[in-house]
Amino acid sequence: MDTLVAQLQRQFRDYTISLYHQLFWYVKGFLDDQFTELKKLQDECSPDFVAEVVSLFFEDCEKLIGNMARALDQTGNVDFSLVGSSVHQLKGSSSSVGAKRVKGLCVTFKECCDSQNFEGCVRCLQQVDIEYKSLKAKLQDLFNLEQQIVQAGGRIPQVDI
Amino acid sequence: MSIACELSNPNLKKTKAEKRITTKILLIRVLCGLVVLWLCLSLSLGFLCICKKKESASDDESSSSAKGMLFRNQKNVSRSEIDAMLSLFFDSNQVTSFECRKESDGITCSLSTRSEKEEDEEEEEAKRHVVAELMSSSDNDEEGGVLHEVVLFYVINKWHWWLVLCVLLVGGGRMIFARKEVSSFVQDKQQQQQQCKRAGQWRKNMLLLCIIAGVSFSVLWFWDTNEEILFQRKETLTNMCEERARVLQDQFNVSMNHVHALSILVSTFHHGKTPSAIDQKTFGEYTERTNFERPLTSGVAYALKVTHSEREKFEKEHGWSIKKMDFEDQTLVQGFDPAPVQDEYAPVIFAQETVSHIVSVDMMSGKEDRENILRARALGKGVLTSPFKLLKSNHLGVILTFAVYNTNLPHDATEEERIQATIGYLGASYDMPSLVEKLLQQLASKQTISVNVYDTTNASSVIKMYGSEVGDMSEEHISSLDFGDPFRKHEMHCRFTQKPPIPWLAILPPGFALVITFLLGHIFNGAINRIATVEEDYQKMMELKARAEAADVAKSQFLATVSHEIRTPMVGVLGMLKLLMDTDLDAKQLDFAETAHGSGKDLISLINEVLDQAKIESGRLELENVPFDLRFLLDNVSSLLSGKAAEKGIELAVYVSSNVPAVIVGDLEDEILKQRLGSDETSCNTLSGYPAVNASGSWRNFKTFQDHSCDKTELLVTVEDTGVGIPVDAQSRIFTPFMQADSSTSRTYGGTGIGLSISKRLVELMQGEIGFVSKPGVGTTFSFTGVFGERERDSSVTALELFDQSIQEFQGLKALVIDSRNIRAEVTRYHLQRVGVSSVDIASSLATASTSCASKLVNMDLILIDKDAWNKEEYVAFNSGQETSTRPPKIILLATFTTPAELSEIKSSGLVDEVVMKPLRMSVLVCCLQETMGSGGKKRQTNRKPKNLGNLLRGKQILVVDDTMVNRRVADAVLRKYGALVTCVDSGKAAFAMLKPPHDFHACFMDLQMPEMDGFEATRRVRDLEEEMNKKEESRKWHTPILAMTADVIQATNEKCIKCGMDGFVSKPFEEEELYSSVARFFDK
C-alpha cells in the first residue's frame, strides 16, 4: 500500500515538474508560478479550488476560441477588435491560472491582431486551440493522479519547483 | 552605435563606393575615347597628306583621258563610300531610310536620319548635305575643271572621316546620356543593379561600336591605299602606252615623209626629165642606199599608170607584159599570169632590191592595192591599206601608197583633177611586226608592258597588226595612233605583262591598325568584364554587409531578450534569498545565503550591463528630456557609491561648480540616473578594476560649466582618481566592450569591462564626448561632456523644498573647515555653501587654525574638521583657546572610514558635537546641522517596519470586478487568503451599481477591459457620483479607492488609470509585495 502511494507520489511529483519544466529555452513549460499560487490557495474551505478554477478556465477557453474562430471565419471583413478583446480576456484568464504557454501564445496573438495579420491570427488561434487542449489533457492526468493518491490514502505531496 | 549609424545611412557608404567605381569606369571610357581619337587624328592626317599628293599629281595630269579616269575613279569612290556609310549607319541604328541609286547622270542619294537632340548631330547633317550637294553638282557638271574635281575628291575623301567622327559623337552622346541616367537613380538598389547591368551592356555596346569603327576604318584605309596604288599603276601604264604610241606614230610619219619625198623624186627625175633620169637600176640603188631613212619599210616600188590603150605600147617599150597579182600562190613569183584586160593598169616599173620580184606586176590587180591606189590618187596623200599578209614575207603589213602627179597640183585641187594628173604610184610596204618590234627595242622597260596594235577602221572586225594575248588582261590602256591616213584608224593597246603585285604597302598599315583594334578590343573587353565582376562582387559584398549588420542587430536583440528573460527569474532568486536571510538562520547558513545573494547581485548587475549594451546596440535606447536637479542627483549617486567606496577605502567627494544651473533639462530621470550610474559605472568599474592604492587620495567629480548658449548647456563632467592608472598599452581598447585592461584569466580585478563601453555610448547619445587621461601609478581622469537644456528653478524637481526652511536658518552662519587637503576642503566648502552657509574659511590644520585664524575663530559658528587633520592633543590645545568665547562654535568631525567603535569613542568623549560620514550630501549635512545647531529638528522616524499584508486586509470589504470568471475566482481566493471579505461582480455596470455611496467597500479592484462598460468608464462614473454626493454633504468626502487590475503594465495605461480617477493599479496575477504597497496607502491610516 505504502509502496503504491510512494510510487504514485513520485509519479505525481515528476509529472508536475515536467509540466513546469522548460524543455529548451524556446519551448516553455505548460505552467508557471501562478499555478503554484493557486495550489497554495486551496485549503480545507475550498478543497477543489484548483480544479474549479481550471475547469472555469477551460470553459472560458472553449467559449473564447469559438468566438474568435467565428470572427476569423468571416472572410473579407474580419473584426480584429472583437478578436483582440477575446484574446485579451484569454490572456487575462490564462495568466490567472498560470497557463504559461497559452499566455505566451496570447501575446503573439495580440500582436497579430493589432497588426491585422489575418494569417498570423489564424495560425495563433490554431496553436492556442492545440495548447489549451493539451494542457487540459495534462491537467486532467494530474488531477487523476491526485485522486488516485487520495484514494490510495496518501497525501498529495508538495512539489517545489 | 557605429552599426546603428551605418544602418541608418547605408546610402552614404554605398554612394562613396559607387563614386569610386564610377570614377574608374569614367577613366577607362575617357582612355578609350582618347585612343580612338588619337587613331582617327593620326590616320586622317596621313590621309590628308595622301590626298594632297594626289592633288598635285592630278594637277600635273593634262590629258583628257586621265581626267576621265580620275572622274570614274571618283565616282567609284563615292559609290562605295556611300555603301560603307550605309553599313555604318545601320550599325548605329541611326538611319531609318537610306536610298542610293546610280542614275545616268550620277548618283542620287536620299538619306533620312533620326533627328537627335544634339546640336552636333545637326552640324553633321549640315555637313552631309554639303557633301551631297557637292556630289550632285559634280554629277551634273561633268565638264567641271580640274581644280573643282580635285576639291571634290578631297572633300569626298574627307567624308568618311566625318562619318567616323559622327558615329563616335553619337556614341559618346548616348554614353553621356546613359551615364546621366545612371547617376539619377542611385537610390533604389534594384534599379541600381539594373543600372549596373545596363551600364555593362552599354560598355559592351560601345566596345563593339569601337571595334566596328576600327575594322571599318582599317578596311577603308586599305581600300584607299590600294586604290591609290592601282591608280598609280594605271597612270604608269598610260604614260608608257602613250609614249610608245607617240614614238611609233612619229617613226611612221617620218618614214611616210620619206616615201613622200621619194615620190616627188620619181616625179621630178623620171617624169620631169626626158629622157628619164631613173631606171630600175638607179632606183634600186638609190632606194637601197636611202633605206636607213625608212627603217620601217620593207621595200618601195614605183608603178606607172597605164591605161588599157597604152598597154601594148607599154609592154612593147619595157619588153615584158603586165602581170597579175596572184594571191593563191604567193610563193611562186615567177608564175605571174599576164594581167587580165582592164581599163587601167599599174605595173611596177621600179622596185627596191628587196622587192624586185614585183616588177611588172600590176598593182591594180590586187584588191587592197587597187583600193589604195584609187584613194591615194584621189586624196593626194599617203594612204594605207588595211593589214594583210605581205607577199613573200608572209608577215602582216600595210602598204603605203602615194600618187605621183605630173603637175604640181594646188592644195584645193579636185578629185577629178588629181586623177587626171596622176601618172604613177609609189608604194611602200610596212612590215608591222618587225616595225613595232624594232621600235620597242629602242624603248626602256619593254619587258613590263606588252603592246598590241590594231586596225580599227572597221569597228566590227578589228584586225590585229601586232602583239600577243599575253599579260594582265584586266587592265589595258588604249592609245589611238594617227598614221596620217584619216580613213584608217589604228589603236595601240598596252597592258602589263605581269599581274599587279600584292599591294603590301596598302595591306600592312591597315592590317596593323586592325590588329591594334582587336588587341585594344580584347584589352577593353577584359577590362569591362573585370569591371562587371567587380561590380557584381561589390553588390554581393554590400548584400553580405547588410546581412552581417542584420545579424549583429539580431544578436543584440537576442541578447536583450535573453538578458531580460534571465533577469526575471533572478529577481525571484534574489528576493527569496533576501527573505531567507530574514528568517531564523544560524551563522553558517546566513553566510551561505549572503554569499548566494551577493553572487546573484553580481550576476544581475552583469545582466543589466549586457542588457544596456545590447539595448544601445540594437538602437532601442532612447533618451527622454526631463528636468532634474543635478546636485541632488549627484548626491544620490555618491550615496549609492559610498558603500562601495568605503569597502575599498576610497574617499569619495562630489563638487559641482557654482556656474552650473540649478535645474537642467536632460534625459528622463531614470535614464540620467542610469547615465550617471553609467558614468559612475566608470567609477565603479574603475573602482572595481583599479582599487586606489592611495587610500588618502582625493576624488573629485568636477562639474565644470563649460558653455552656455541660449537654452543649451554643455556640461563637462570629470571623474578623477588617484589609483593605479590604466596601462598605456591598454588605453586604446578601454572603450571596447568586454575588454579589460588585463584580459588574462588571472587578472587582478574583476568586472565585465562593459561599463565604459556603455558609458561611451550613452555619452554619444547625449551628443557628448568621453575621454580620459591616465598615468599608471598616478591616477586616471575620465571626463565627458553632455548637452543639456536649462530650465527655471522648479520646486517639483529640486528636492530643495524639504530643506528650504533649514537653509533659511543656516543663512549667515560662519564656518571654518580644517583640512590638510585643499581640494577636499574646497569640496566641503561647496557643500556648506549649498546648504546656505555663506562664509566658509579654510585652514590646513588645527595648529594653523589656532594660530593664524585665532581672531576669526571668535565669530565662528561651525568648525568642520576632517578626520585626517584630527589629532586629539592638538584639538585639546585648539579647543582650550576657544573657551573664552561666549558662544563656542559647534565642532563637526568629517570622517571617511570609521569603525563604529571609533565613532562612538569620539562621540562619547564629548569633544565633538557631531560626526558626519563622508561623502557629504545635502540631506545628511542639513540633518546634521539641524541637530548640532539645535534648531529643533526632531529625529525622524526611520525604517518603518513593513506590516503584514494579512493584518492590513483583514476584515476589509473588497469588491473585485472582472468579466473573466477565472480571474475573479483567483483574485477572490488570493484576497480571501489575507482575510479580506471579497465580493465579486462580473461587469462594470454591476460594479457601478455596487459602488454607490454610502460605500460598503473599503476598496475595489477593477479590471480594465470589460465588455459593455470597461474599468475606466465604471471608475469615471463612480467618481462622478461621489462628486455629486460630496457636493450635497459637505461633511463627508466619499472616495473609494479603486485599483486597476491589469495584465499589461505600461506607462500609458498607468497614466490613463490615474486620469480617470483610479488610485493605483496592481498587475494580474497578484504579487504579494505589489499588492501590499498599493493597498497600504489606503488602509495604513
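This passage describes the helices of chain A, a helix pair within that chain, and selected residues of chains A and B. The structure is a predicted model, in which local features need pLDDT of at least 70 and side-chain atom pairs count only at pLDDT 80 or more, while totals for chains, interfaces and linings use all residues. Residues are numbered from 1 along each chain as its sequence is written, chains are lettered from A and ligands numbered from 1 in the order in which they are written, and side-chain values use heavy atoms, with hydrogens and water left out.

Chain A contains 6 helices and 0 strands, where helices (H or I, at least four residues) and strands (E, at least two) are DSSP runs numbered from the N terminus. The order of its elements from the N terminus is α-α-α-α-α-α. Of its 161 residues, 45% are buried, a term for a relative accessible area under 20%, with exposed meaning over 50% and partly exposed in between (1.4 Å probe, protein chains only). Contacts, defined by heavy atoms within 4.5 Å, were considered between residues of chain A at least 6 apart in sequence; 66% of these join residues at least 24 apart.

Helices α3 (residues 49-73) and α6 (residues 118-151) of chain A have axes that come within 11 Å and cross at roughly 160°. Axes are lines fitted to C-alpha atoms, for helices over the stretch in contact, and angles run from 0 to 180 degrees between N-to-C directions. Residues of α3(A), including Phe57(A), Phe58(A) and Ile65(A), meet residues of α6(A), including Leu125(A), Tyr132(A) and Leu139(A). By class, this contact has 19 nonpolar, no polar and 3 charged residues; Ala, Val, Leu, Ile, Met, Phe, Trp, Tyr, Cys and Pro count as nonpolar, Asp, Glu, Lys and Arg as charged, and the others, Gly among them, as polar.

Ala51(A) also lies in helix α3 and is partly exposed at 29% relative accessibility. In helix α4 (residues 80-97) of chain A lies His88(A), which is buried with a relative accessible area of 12%. An unreviewed UniProt entry places the feature "modified residue: Phosphohistidine" at His88(A); UniProt positions follow the numbering used here, feature names are shortened, and annotations may be inferred rather than shown by experiment.

In chain B, Thr456(B) occupies the loop between β11 (449-455) and β12 (463-466). Thr456(B) is buried, at 15% relative accessible area, and touches Val462(B), Lys489(B), His490(B) and Glu491(B), not counting residues up to four places away in sequence.
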